[in-house]
Amino acid sequence: MNKTPQAGFPALRLRRPRQSGWSRRLFAETNISPDDFIWAIVLKEGKGLREPIAAMPGVYRLSPDEAVKAAKQARDLGIPALALFPYTDTENRTPNGEEALNPDNLMCRAARAIKDAAPEVGLMADVALDPYTDHGHDGLLRNNEIINDETVDILVQQSIVQARAGFDIIAPSDMMDGRVGAIRAGLDSEGFQNIQIMAYAAKYASAFYGPYREAIGSSGVLKGDKRTYQMNPANSDEALREVALDLAEGADSVMVKPGLPYLDIVRQVKDAFGAPTFVFQVSGEYAMIKAASENGWLNGEMAMLESLTAFKRAGANGVITYFAAEAAMALNT
Ligand code: PBG
């Protein structure tokens, strides 16, 4: 496409189409709608529980019955899917995270309850061991090392348990090598050919996950950091290699995470592969917008909608976000 303007100033005035609302709408290159959102939800044991998360004003840990209400709300707002993440207290965490394989764990019970009440809402499961390990890592920890291949075997089992509970999208967030192919084969061998995989393909070792770790009860327990498996924020060629590999292993869609600091990665991934590309607006991004808005330092609703628009402009097909319901309400009015 030739981007050279056909005319020059004064015949060409790029301000002309910006003069009124109807024209700005007509000239918009990108639109966001509730269809673009996957609503990130944090679960906790209990009944009727809505427990505030200090660093994420407006986000609550929800008991399964409250998560069911959220699913119905999502349906009514036109949000296609929810992504569930479990809070686990220290007593239920073990060195090898066995609770991940319990078919009656919090995630599975919530999934069954949601699928009963609102079957038309898509459900995405986070696959990784960090909510269940007593060291807070996504994989098995041995002699100070996260063991790749044995972790992958467990993640395959975890994925099958989640598929049986009714999850529609299996989303490995662990960053072990080879897990997408292994999970695909494992799901297929159990007859789950139609269960999707969304790979956290380019997932960076990021400080922006801070509030999430508090939300799921991992911040106090995490030993060290995740830099031997999550990506170095300095790298982008490597992101393309990660995405290429996950697509070759059978991922239906890929994700870039975090979001706003990594829009260049979103654009490169979309341009390089043309694959369904999602972006995770993570807890720290949510927290920043909320904190500034609660202090009156910026207009929270406008910043929220602007950030969501930026993801789509950068090439994302959709966004995993804690703002989903709030943004859908803002867009629906
Ligand atoms: C871990 C996982 C993380 C998030 C989703 N899955 C954090 C981490 O890697 O420590 C982050 C979500 C967020 O910050 O909102 N498997």
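**Second cavity.** I looked up the second largest cavity, and its volume comes out at about 60 Å³. This is a predicted model, so I keep that in mind for every entry here. I listed the lining: Phe85, Tyr209, Tyr212, Lys257, Phe280, Val282, Ser283 and Tyr322. By class I get six nonpolar residues, one polar and one charged.

**Largest cavity.** Next I checked the largest cavity, also given as about 60 Å³. Around the largest cavity I find Phe85, Asp126, Asp130, Asp138, Ser173 and Lys203, along with Tyr209, Tyr212, Arg213, Lys226, Gln230 and Lys257. Which class leads in this lining, nonpolar, polar or charged? I count seven charged residues there, against three nonpolar and two polar. Phe85, Tyr209, Tyr212 and Lys257 turn up in the linings of both cavities.

**Helix pair.** I then turned to H7 (residues 237-248) and H8 (residues 263-273). Their axes sit 10 Å apart and the packing angle is about 45°. That angle makes H7 oblique to H8. I noted the crossing of the two helices as right-handed.

**Who touches whom.** From H7 I wrote down Ala239, Leu240, Val243, Ala244 and Leu247. On the H8 side they meet Ile265, Gln268, Val269, Ala272 and Phe273. I sorted this contact by class and got nine nonpolar residues, one polar and no charged ones.

Note on methods
Residues numbered from 1 in each chain as written. Predicted model: local features only at pLDDT ≥ 70, side-chain atom pairs only at ≥ 80, totals over all residues. Heavy atoms only, no water. Axes fitted to C-alpha atoms, helices over the stretch in contact; angles between N-to-C directions. Helix = DSSP H or I, 4+ residues; strand = E, 2+ residues; numbered from the N terminus. Parallel < 35°, antiparallel > 145°, perpendicular 65-115°, else oblique. Left-handed = near helix turned anticlockwise from the far one by under 90°. Contact = heavy atoms within 4.5 Å. Nonpolar A, V, L, I, M, F, W, Y, C, P; charged D, E, K, R; others polar. 1 Å grid on protein atoms, 1.4 Å probe; cavity = no way out; pocket = protein on both sides within 12 Å on 5 of 7 lines; lining within 4 Å. Points joined across faces, edges and corners; volume = space filled by probe spheres on them.
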